Each structure stands twice: as C-alpha cells, then as structure tokens.
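Please look over the protein shown below before reading on.

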Amino acid sequence: MKTCLVVDDSKVIRKVARHILETLDFTVTEACDGREALEACLVSAPDVILLDWNMPVMSGMDFLRALRESAIPSRPKVVFCTTENGMAYIRAAIEAGADEYVMKPFDRDTLESKLQIVGMA
C-alpha cells in the first residue's frame with residue numbers, strides 16, 4: 001500500500017486530505033508543521049507528501065529545502081497544497097523540489113489527477 005504524509009497546520013485540511021487519500025488506497029500519516037514532517041520522514045519516508053505552504057514553526061518551503069539536504073535514502077514525491085496561485089510561488093516551489101502542486105480547496109478528482117502526474121495513483 002502506498003503511503004502519504006499530509007503536512008498542514010489545519011486539522012480540517014488534514015482530515016479532508018486523509019479521507020480522500022484513504023479512498024485512493026493510501027496509508028496516511030499526518031504532521032502539523034514542517035519540523036514534525038521532517039522528523040517523520042527521517043524515521044520512515046513516505047511515498048508522497050502533501051505539503052502546505054504557510055505553517056508555523058517550519059514553512060513548506062523550509063521543509064522542502066531541509067528534506068533535500070537530509071540523508072533519507074529515497075526521496076518522496078512532493079505535492080504542494082496551497083492557496084497561493086501566483087506563478088512565482090509555483091515556480092519557487094518546483095525549484096525548491098516540489099514535484100507538483102494543487103490549489104486549495106481541492107476535491108478527490110483534482111488530488112487524484114495530481115497524484116497520477118507524479119506517478120502515485
């Protein structure tokens with residue numbers, strides 16, 4: 001079964017994402033900020049990460065940079081999940097190591113298509 005780490009400071013977003021991902025046969029874990037997510041990845045890297053942009057403690061961008069510099073053996077696919085829709089934000093996320101992005105709010109079809117693009121659905 002594929003694994004996904006949902007990283008978002010909003011409990012509601014994590015719950016919605018978990019529900020969608022579980023219907024797509026993912027095993028889901030959650031983190032409420034980038035630091036917690038990085039610790040989880042160092043213990044057991046997921047297949048894919050659904051990552052929020054704006055979070056306290058460690059932002060999505062800071063997490064991406066730290067993940068890239070970490071010693072985890074297999075790098076997860078990263079789908080940025082954000083309300084930021086400017087091309088500059090999207091380009092910055094891709095340059096920092098994101099594989100794809102999805103706009104909030106998202107539904108099952110949108111998320112599934114993004115997961116297919118990164119080879120995870």
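Among contacts in the protein between residues at least 6 apart in sequence, what percentage join residues at least 24 apart? The share is 60%, where contact means heavy atoms within 4.5 Å. This is a predicted model, in which local features need pLDDT of at least 70 and side-chain atom pairs count only at pLDDT 80 or more, while totals for chains, interfaces and linings use all residues. Residues are numbered from 1 along each chain as its sequence is written, and side-chain values use heavy atoms, with hydrogens and water left out.

**Overall architecture**

- The protein has 5 helices and 5 strands, taken as DSSP runs numbered from the N terminus (helices: H or I, at least four residues; strands: E, at least two), and from the N terminus on the elements run β-α-β-α-β-α-β-α-β-α.
- The radius of gyration, taken over C-alpha atoms, is 13 Å, close to the 14 Å that the globule rule gives for 121 residues, so the protein is as compact as a globular protein of that length; the rule is 2.2 Å times the number of residues to the power 0.38.
- Buried residues (under 20% relative accessible area with a 1.4 Å probe, protein chains only) make up 45% of the 121 residues.
- UniProt, in an unreviewed entry, lists residues 3-119 as "domain: Response regulatory", and such annotations may be inferred rather than shown by experiment; over residues 3-119 the chain is 45% helix and 22% strand.

- Leaving aside neighbours within four places in sequence, Val-7 is in contact with residues including Ala-31, Asp-33, Gly-34, Ala-37 and Ile-49.

**Helix 2**

- In helix 2, Gly-34, Ala-37, Leu-38 and Cys-41 are buried, and these residues line one face of the helix because, seen down its axis, they fall within an arc of 100 degrees, the arc being that of the directions from the helix axis to the C-beta atoms.
- What covers the buried residues of helix 2 includes strand 1, strand 2 (26-31), strand 3 and helix 3.
- At the start of helix 2, a side-chain oxygen of Asp-33 reaches to within 2.9 Å of the backbone nitrogen of Arg-35.

Notes
Buried < 20%, exposed > 50% of the residue type's maximum accessible area, 1.4 Å probe, protein only. Polar contact = N/O pair within 3.5 Å; in protein donor to acceptor, adjacent residues only side chain to side chain.
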